[in-house]
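Please consult the sequence and coordinates alongside the text.

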Amino acid sequence: MSSQHLMQPERAVGIIGYGSYIPMYRLSSTEVARVWSGGGRGPIKEKAVAGLDEDTVTIAMEAARNAVARAEIQADALRAIWVGSESPPYAVKPASTLVAEALGATPYLLAADFEFACKAGSEALQAALGLVGSRMGDYAMAIGADTAQGRPGDDLEYTASSGGSAFVVGPADLAVATLLGSLSYATDTPDFWRRAYQHYPRHGGRFTGEPAYFHHTQSAASRLMEELGMDPDDFEFAIFHQPNVKFPSRAARRLGFTAEQIDTGLLSNLIGNTYAGASLTGLSAVLDVAKPGDRILLVSFGSGAGSDAFVWEVTERITSRQDKAPRVTDYIRRRTEIDYALYVRYRGKLKT
Amino acid sequence: MDPKVVNDWRLRGQRYRLEGELCDHCGEAIFPPRDICPKCHEPAKTPQTLSGRGEVYTFSTIYSAPEGFEAYTPYTVALVKLEEGPIVTAQLTDVPPAEVQIGMPVEMVTRRLRTHGEEGTIVYGYKFRPASFWHASTQA
């Protein structure tokens, strides 16, 4: 076994633009509990719900437009657009070409969709770092976006939500946050899955915790910090995949991070679990308020299972880019509460 | 090939990103693109993507929708006057019909317009939503 698992491209790279999108509708946990549990409350306050005319593609398009606005590049300079999702609207036909066309980035680019449950977006980000880091292209975009569905009445229905984030990767000398290093950790662990042609996923209940979420996030985070010679004290912010509030809080505490370090990027209480968009939207929320010199740890998790971990250092360019597009908090504040009946209509859960 | 698919494909530039034309002779912004300037009648073929910012010129709420749009009722269709000049017909989204007003500032978003049945393509295109949500909140 090699002792070096850290991944660092030959050319220094970073994030040069970022952006998010969260739909405006909110379904509260108490409303789900009212229908399915006779009252009480669920694991989060509320989750974001896509409207009738929204899907993973439209979410990805708006997040991508925000990222391009902050990157201050022409969209046709992108050599790749990769969309990570578990809920693309087509089984066959890429979401990425639709996003590319909406941005005006066609036709000279790579375009593909990535699939790895909730880490499909961070996997695309790793690939984008590699593409730019190897000088195959100067700019590449990675997106994580989902309109996640839980089976009616299942635990997942309290949290499975809609939203996404996009990142333009480019050379470090243009970056708002430079990459110090990344690392990926994957095993075959069946904690959550959805078979072909099935509408709703299945999950392993408590098995999704220790052998899946905690093992992979903690292993990736601790190994990356060890190989970079860093400790939790070296970071202003840490973001973990957030299927709820409890899991990321516990993983952070075990690794030695404080509540202050994770609060800014922990959004699941207010928007739910946006799956491939979850940890990436946490990063976006952190970049919205970060200051030059801040260091950020990002750890994704995808069922099946794996984690991607990244360490970023914010540059002085961040300050002039934060107001070029809506911040995550702007989208969180833009909210319209809906009841379970409207939720059922919006998410197509009725046979008509 | 289904003619609907081919037609949607031809319109993708204008539908997804409001790509119109700029008249090189009189400077008129043209949308949708039609290759002849409606103002000076000279050829106009320079593509220009419009900003997507504009205001509601007038509107109507649809309760009895044409085929393909039934699932979205009630929804509001507006004439939107873009800041470059052209007026486009589009659905408004993310706003209850009762809150729509003439003169309301709006911005373009790309959303699902309709699907061609369960097995056909999904048609995406421009709609407009209230433009105030983030400019106002970042100043607050």
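## Strand pairing in chain B

How many bridges join β1(B) to strand β2 (residues 29-30) of chain B? The two strands are joined by two bridges and run antiparallel; strands count as paired if DSSP finds at least two bridges between them. Helices (H or I, at least four residues) and strands (E, at least two) are DSSP runs, numbered from the N terminus. Within this pair, Glu21(B) stands opposite Ile30(B). Six residues lie between the strands of the hairpin, and Gly27(B) takes a positive phi near 85° there.

Strand β1 (residues 19-22) of chain B also pairs with strand β3 (residues 46-49) of chain B, in the antiparallel sense and over four bridges. Here Leu22(B) is opposite Thr46(B).

## Basis of the values

The model is predicted: local features need pLDDT of at least 70, side-chain atom pairs count only at pLDDT 80 or more, and totals for chains, interfaces and linings use all residues. Residues are numbered from 1 along each chain as its sequence is written, chains are lettered from A and ligands numbered from 1 in the order in which they are written, and side-chain values use heavy atoms, with hydrogens and water left out.

## Strand β4 of chain A

Strand β4 (residues 80-84) of chain A is mostly covered, five of its five residues being buried. Buried means under 20% relative accessible area, exposed over 50%, and partly exposed in between (1.4 Å probe, protein chains only). Ala80(A), Trp82(A) and Gly84(A) point one way from the strand, while Ile81(A) and Val83(A) point the other way.

β4(A) pairs in the parallel sense with strand β5 (residues 110-114) of chain A over five bridges, and Val83(A) has Asp113(A) as its bridge partner in β5(A). Together with helix α3 (residues 95-103) of chain A, β4(A) and β5(A) make a right-handed β-α-β unit; right-handed means that, with the strands pointing away from the viewer, the path from the first strand over the helix to the second runs clockwise. β4(A) is also joined by four bridges to strand β6 (residues 140-147) of chain A, again running parallel, with Gly144(A) as the bridge partner of Gly84(A).

## Backbone geometry

A cis peptide bond joins Gly304(A) and Ala305(A), with omega about 5°; Ala305(A) lies in strand β13 (residues 304-314) of chain A. The bond from Phe31(B) to Pro32(B) is likewise cis, with omega near -5°, and Pro32(B) is in the loop between β2 and β3 of chain B.

Leu18(B), although not a glycine, has a positive phi of about 55°. Leu18(B) is buried, with a relative accessible area of 0%. His41(B), also not a glycine, has a positive phi of about 65°, and is exposed, with a relative accessible area of 57%.

## Interface of chains A and B

In chain A, 27 residues are in contact with 22 residues of chain B, contact meaning heavy atoms within 4.5 Å. The chains bury about 2,200 Å² between them, 53% of it on carbon and sulfur atoms; buried area is the accessible area (1.4 Å probe) that two parts lose on being put together, summed over both. Asp53(A), Tyr90(A) and Glu101(A) supply 26% of the area that chain A buries against chain B, more than any other three residues.

The count of salt bridges between the chains is eight, each a side-chain nitrogen of Lys or Arg within 4 Å of a carboxyl oxygen of Asp or Glu. Glu101(A) and Arg17(B) meet in a salt bridge (3.4 Å, N to O).
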